Amino acid sequence: MSSLNYKHLRYFWMVAKTGSIAKAAAQLHLTPQSVSGQLTEFADTLGVELFRRAGRNLELTETGRRILSYAEHIFSTGDELLEVVRDQNFTTISFRVGCADSVSKLIACQLVEPALKLDEPVKLICREGRLDSLVADLAVHRLDLVMADRPIPPHFSVRAYNHLLGESPMTAFATAELAERLGPDFPACLHNAPLLLPGEDFAIHQRLLRWLEHSEVHPHVVGEFDDSAMMQAFGQSGAGVFFAPTVIAPQVCSQHEVVAIGQVDAVVEQVYALTTERRLSHPATVAISTLARDKLFV
């Protein structure tokens with residue numbers, strides 16, 4: 001196989017998306033016989049089986065599913081290229097950011113904001129999800145940057161780099177009513193108090209548990225959350241005490257109508273920018289790094 005036939009790949013992609021040769025042929029304005037012949041030639045060239053029969057339809061083989069994931073990326077990139085070409089003067093920069101569930105959305109928003117204030121217009125594309133899924137998208141260049149609360153785990157076999165943006169101690173928050181019931185003696189006031197914890201996917205989960213144990217404080221954990229925004233919403237409702245980075249304490253208090261009841265200097269949350277660049281060069285990424293260093297994490 002000397003090179004990939006992109007016309008064949010397009011026919012394969014269309015058959016995979018529609019589930020039948022007849023439907024794909026209608027979309028492509030070709031005869032079913034023509035599509036079938038091109039599909040057979042493509043499979044023969046690759047030397048693999050792409051589909052198997054499932055009644056009147058076709059279903060992908062395991063190899064076919066893997067090839068489809070590449071085809072999706074190839075044609076998605078092609079669509080992005082067309083968007084750039086349509087844009088007058090080629091001035092718009094696409095900046096695709098993934099934010100791990102474990103990163104505070106308030107911090108992520110502040111960090112990304114300077115990317116929208118560059119001299120060149122930026123089209124911001126944000127994705128949220130689990131770290132492993134976002135790093136996989138980063139590895140195949142579907143994302144330019146991933147914000148995470150930890151470096152890339154060593155078992156991830158991807159060529160990417162960790163850039164520490166900053167770190168912050170944690171603060172405990174509660175509604176004014178709950179804070180009054182607990183009293184001012186922090187952290188002793190957390191003993192038997194209702195507590196909302198970040199889930200096990202958060203880097204600070206175990207750090208908070210160790211700090212509570214070291215402080216000989218045993219709260220009543222009423223919930224664990226894989227999303228920081230949901231945890232804070234429950235905290236706002238009065239369900240329990242929750243933790244958030246001290247660097248955004250004023251915004252947390254204002255947005256969620258809660259009060260800070262104590263700071264935990266022994267537990268630090270870190271924020272990393274994960275990129276495929278050893279040295280940051282994308283103008284939006286550089287702007288984020290500069291803000292983090294000079295203004296946010298001080």
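**View 1. A β-α-β unit: β7, α8 and β8 form a right-handed β-α-β unit in this predicted model.** Right-handed here means that, with the strands pointing away from the viewer, the path from the first strand over the helix to the second runs clockwise. Strand β7 covers residues 194-198, helix α8 covers 204-214, and strand β8 takes in 220-225. Helices (H or I, at least four residues) and strands (E, at least two) are DSSP runs, numbered from the N terminus. β7 and β8 pair in the parallel sense over five bridges; two strands pair if DSSP finds at least two bridges between them. Leu-195 sits opposite Val-221 of β8. Four of the five residues of β7 are buried, so the strand is largely enclosed by the rest of the structure. Buried means under 20% relative accessible area, exposed means over 50%, and partly exposed is in between (1.4 Å probe, protein chains only).

A word on the ground rules: residues are numbered from 1 along each chain as its sequence is written, and side-chain values use heavy atoms, with hydrogens and water left out. As this is a predicted model, local features need pLDDT of at least 70 and side-chain atom pairs count only at pLDDT 80 or more, while totals for chains, interfaces and linings use all residues.

**View 2. Zooming in on Ile-204, a residue of helix α8.** Ile-204 counts as buried because its relative accessibility is 3%. Setting aside residues up to four places away in sequence, Ile-204 touches Met-170, Pro-198, Val-267, Val-268 and Glu-269, where contact means heavy atoms within 4.5 Å. Gln-270 is 66 residues from Ile-204 in sequence, yet the C-alpha to C-alpha distance is 8.9 Å.

**View 3. An open sheet of six strands, ordered β4-β3-β5-β10-β6-β9.** The pairing in this sheet is mixed. Strands of a sheet pair through backbone hydrogen bonds, either parallel or antiparallel. β4 (122-129) and β9 (242-245) stand at the edges with a single partner strand each, so one side of each has no neighbour in the sheet. From one strand to the next, the twist averages 25°. Inside the sheet, β3 (residues 93-100) and β5 (residues 145-148) pair in the parallel sense over three bridges, and Gly-98 has Val-146 of β5 as its bridge partner.

**View 4. Helices α5 and α6 against the sheet strands.** α5 lies across β3, β4, β5, β6 (161-174), β9 and β10 (259-275), and runs at about 160° to β3. Helix α6 (residues 131-139) packs on the sheet too, touching β3, β4, β5 and β10, with its direction at about 160° to that of β5. For these angles, axes are lines fitted to C-alpha atoms, for helices over the stretch in contact, and angles run from 0 to 180 degrees between N-to-C directions.

**View 5. Where α5 meets α11.** Helix α5 (residues 105-112) and helix α11 (residues 283-296) pack at about 110°, with axes 8 Å apart. That makes α5 roughly perpendicular to α11; angles under 35 degrees count as roughly parallel, over 145 as roughly antiparallel, 65 to 115 as roughly perpendicular and the rest as oblique. On the α5 side the contact uses Ile-107, Gln-110, Leu-111 and Val-112, and on the α11 side Ile-288, Leu-291, Ala-292 and Leu-296. The tally for this contact is seven nonpolar, one polar and no charged (Ala, Val, Leu, Ile, Met, Phe, Trp, Tyr, Cys and Pro count as nonpolar, Asp, Glu, Lys and Arg as charged, and the others, Gly among them, as polar).

**View 6. Thr-276, in the loop between β10 and α11.** Thr-276 is partly exposed, with a relative accessible area of 30%. Leaving out neighbours within four places in sequence, Thr-276 contacts Leu-138, His-141, Arg-159, Ala-160 and Tyr-161. Leu-145 is 131 residues away in sequence, but 7.9 Å away in space, C-alpha to C-alpha.

**View 7. The crossing of α2 and α3.** The axes of α2 (residues 21-28) and α3 come within 8 Å and cross at roughly 110°, which makes α2 roughly perpendicular to α3. Ile-21, Ala-22, Ala-25 and Leu-28 of α2 meet Pro-32, Val-35, Ser-36 and Leu-39 of α3.
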